[in-house]
Amino acid sequence: MFKPVNPKQSLPEMEEKILEFWEKEKIFEKSLEIRRDAELYSFYDGPPFATGLPHHGHLLASTSKDVVPRYFTMKGFRVPRRWGWDTHGLPIENIIEKKFSYKGKRDIEKNIGKFNAEAKKTVLQFADEWKKTVRRIGRWVDFDNSYKTMDNPFMESVWWGFSELHKKGLVYKDSRISLYCPRCSTPLSNFEVAMDSSYKEVKDASVFFKLKLLANKEQITANGSEYYFLVWTTTPWTLLANVAIAVNPQAKYVIARQGKEKYILAKDRLGSLGGEYEIESEMIGKDLEGIEYEPIFPHGIENGYRVVTGDFVSLEDGTGIVHIAPAFGEDDFRTRKENKLPIIENVDDEGKFTEGEWAGENVWEANFKILKDISEKGFVFKKENVSHSYPFCHRCDTKLIYMSQPAWFVKVSELKKRLLAENEKISWHPEHLKHGRFGHGLETAPDWNVSRSRYWGNPMPIWQCEGEGEKRKEKEKRERKRCDNLKIIGSFGELEQLSGKKLEDYHRPMIDEITFPCEKCGGTMKRIPDVFDCWVEAGSMPFAEFHYPFENKEEFEKRFPAQFISEYIAQTRGWFYTLHVLSVGLFGKPSFLNAVTTGTITGADGKKLSKSLGNFTDPNILINRYGADAFRFYLMHSPLMEGENSNFNEDELKDIFKGMFRMLWNSYSFFVLYSNIDKFSPESQISNLKSQNLLDKWIISELHSLIKNVNQHMENYEISKTARLFPEFIDNLSNWYIRRSRKRFWKSENDEDKKEAYETLHHVLAELSKIMAPFTPFVSEEIFKNLTRPNFSNEKIDGGQAGEESVHLADFPKAKEKIIDNELNKQMRLVRKFVKLGLAARARAGIKVRQPLQELMVNEIIDDKLLELLKDEVNVKKIGFYGSIEKNPGIHVEEEGNSVVGLNVVISDDLRLEGEARELIRRIQELRKKAGYEVDNRITICYQGGSKIFEKFGDMIVRETLATGAIENEGTDFEIEEFFELETAPVKIWLKRI
């Protein structure tokens, strides 16, 4: 006997029991153990921060990282799944700052030890919640052996990687313009800012200001008249660091008189004057080079306050003249180098002015004060407000600034050709990312700023000499200067050998206290205060999780590169990017071969999921309501798995739960119920399935077609395409195979046809449980366990795996090509299409399906063996084949594509009488349920009225209702009775169970 199945079973409750079974029997551990010596399948799991609770986006990535490893495990591979934690960086620093009510870096620096100790204690505050949620969605992962980026072994491997890059000449120190967060007092990488949630629409002042010429070239002389450059900016606060103005060398510029003043600006931007003007002369930008002007905020600088040229100057907006503040702009900084301009650095690491009238004020807060000041002094020609997209810190939501920063860089520019070449070896999903978002990002990538002036992070292993040395100059003259000795340490052992000290914890401030003598001058080597950008740790994960090269060298080399990796699409500029840069830089090849990128989940309102907006339901609530299987499947079959953004719609999740999952459960429940009634015992192998029934042949053919397509899509990492195969198959199984085969299960005699129906349905459900197991691990486990490990048999059933404890220990099915009958599958699809059109014609005519009709006309040839199915489903006496079908008063026509049907809706007396008989059968079946009869109970029928119906169709009524006979007589001692007012005659029915 099979374990009885509750047709109304709560699927979330069922899943909880499956979780208990997995844990008690250690099924995950066994899935690894039984394949201990199998071929390795490697995948990398991007470690999350445990500083917040998991949300829909985390579960999307987590599910994809469970589906693929489960599939390849069942395909016979050994698939280790080790969890990791991201532990360093601004997320945890921001939490600790709020906890201690710190206002910025100065507060932290009073006691870095206390700050970092609290960070270490707090970093995994939500780890238990993560474990609960990951467990509940059915993801199998090794939490007990997890790695953490803050652990010494991981940190040491990162040191090694950096030192190796330095040995290869790929690391250098320079001052560069970076986007900088004044609140966090640290620069951000370009790719970090390019990720989602970093840009917002803001309104800023668009200022057109006047700069008076000091000296004129011959082309611009006019009897001592005063001339002004008309210059444009959206950041008035940067004018305090202005050292030059720039024009486009090839663009046309003019002198335009407006009133009493004369302005120089680009000819294409004359509209900026906003009124009448007269053009006096014209020149190209190159002619203006070198002309000097009066600064608004003068400084004692040399070689400044003059016109320079640059191709970056745009004529799309402004005036075609921009001001240059090298400390606060990428183009500005580059222009400074090209033109040997001075630089004014007047903003500190908290974004506050260090000098002048606005000293101590934040630059953005001072911005409008500065604008007001230059307006009152007559420098402003006009001002407007413009809306534009501007970057914000994705951690603390502070408006960023561009600022000159001394920093350490990885020379991505030198790696670019190799990065692009190795990208060709990666299979991207969706494919357009290879040469699109990811490839283009590689082509345009600047050198990577890998240093951060922060605290809770992996300290950069760079020691520099603090002493003074000597350098021999011309004519043997000696000059004292600071020693330039620098050392990058590649291991803790190397540091211990140099300093004689070994630490238990290599974080700040302990590591800052480690010094050693300078080998060049005898001075003291001291570590620079910076820590690594945490993206360096993310990109180092493939080797650092193994503490490579210090141990596990062979294991790392087996797993590198990974066959599979998955994250959301913004990681093409984040984790995917850093993995690729470090892997190519260190090992000369990509770190992953197949990348599946997901889109971003938004709320039903189209906005990003947000607690403050309240536009999503807690995923745990949804899982408890609909089950993890439904939640997983909803995500995996969605456009999200094709890299597209998608709204999370609970109604769609509900439809999947009530649709495909209930349909599957009802099919399973139906099989178990009738199998137990008939004491059915399944035989062992598919080779024993020799049914000649067309429906059996068809569903087995469809099953193996499904197996073939699932394997093909999964091996190509087409996860959503795979998932979308299941609803159609389950619909075929439930709404066609089982519904069309019900009479075979219901009939009283246990003949060969009935046995073949049981064998077929058993085989299909057991195999389907294996095929769906990676996507829906819970319901697949329930079905597999009950159907392949029944109490009545110790034999091997379906593929020789009845002895398996779990579907997840079974091998994934292989398609038997000889069983697939593509023509039969095609013909059955055509029949179902004609059924749908025929029923639509009935609905349009307002005729119930129980009412037989004379003919359904179709425009395509149907195999003779399938005609009875079509006739029975549409309930017609005849199927007619016609080249063309035209509407007339007795014919209702329906079309879909090239398929057309015509339904004869004229009802004869005999047809009407048969319709009454079918209506009577329905009423008697309802009476059986009302009386509480079991599905296999036999009954006796007594009736009064409707003699013509019983005279002509009595045998059919008896057969369909499991009756032993129908007697025209008033029932006595019967259990239930009811009076029916049929269209042709009133009828009273009595039922009695035998």
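## Terms and model

In the residue classes used here, Ala, Val, Leu, Ile, Met, Phe, Trp, Tyr, Cys and Pro count as nonpolar, Asp, Glu, Lys and Arg as charged, and the others, Gly among them, as polar. This is a predicted model, in which local features need pLDDT of at least 70 and side-chain atom pairs count only at pLDDT 80 or more, while totals for chains, interfaces and linings use all residues. Residues are numbered from 1 along each chain as its sequence is written, and side-chain values use heavy atoms, with hydrogens and water left out.

A cavity is a set of points, on a 1 Å grid over the protein atoms alone, where a 1.4 Å probe fits but cannot get out, and its lining residues have an atom within 4 Å of a point. Grid points are joined across faces, edges and corners, and a volume is the space filled by probe spheres set on the points. Searching the whole structure turns up 6 cavities of 30 Å³ or more.

The largest cavity has a volume of about 160 Å³. Of the 18 residues lining the largest cavity, Gly89, Leu90, Arg452, Arg454 and Cys534 lie nearest its centre. Two or more lining residues come from each of α4 (90–100), β5 (186–188) and β25 (531–532); helices (H or I, at least four residues) and strands (E, at least two) are DSSP runs, numbered from the N terminus. The lining of the largest cavity has 8 nonpolar, 4 polar and 6 charged residues. For the second largest cavity, the volume is about 90 Å³, and the lining includes Tyr41, Asp45, Arg82, Glu545 and Arg559.

## An open pocket

A pocket is an open set of points with protein on both sides within 12 Å along at least five of seven lines. The second largest pocket has a volume of about 1,600 Å³. Its lining has 38 residues, with Arg742, Lys743, Trp746, Gln925 and Glu960 nearest the centre. By class, that lining has 13 nonpolar, 5 polar and 20 charged residues. Helices α21, α23, α27, α28 and α29 each supply at least two of the lining residues.

## A helix pair

Helix α24 (residues 752–772) packs with helix α25 (residues 777–788) at an angle of about 140 degrees, their axes 8 Å apart. Axes are lines fitted to C-alpha atoms, for helices over the stretch in contact, and angles run from 0 to 180 degrees between N-to-C directions. The contact of α24 with α25 has 6 nonpolar, 4 polar and 1 charged residues.
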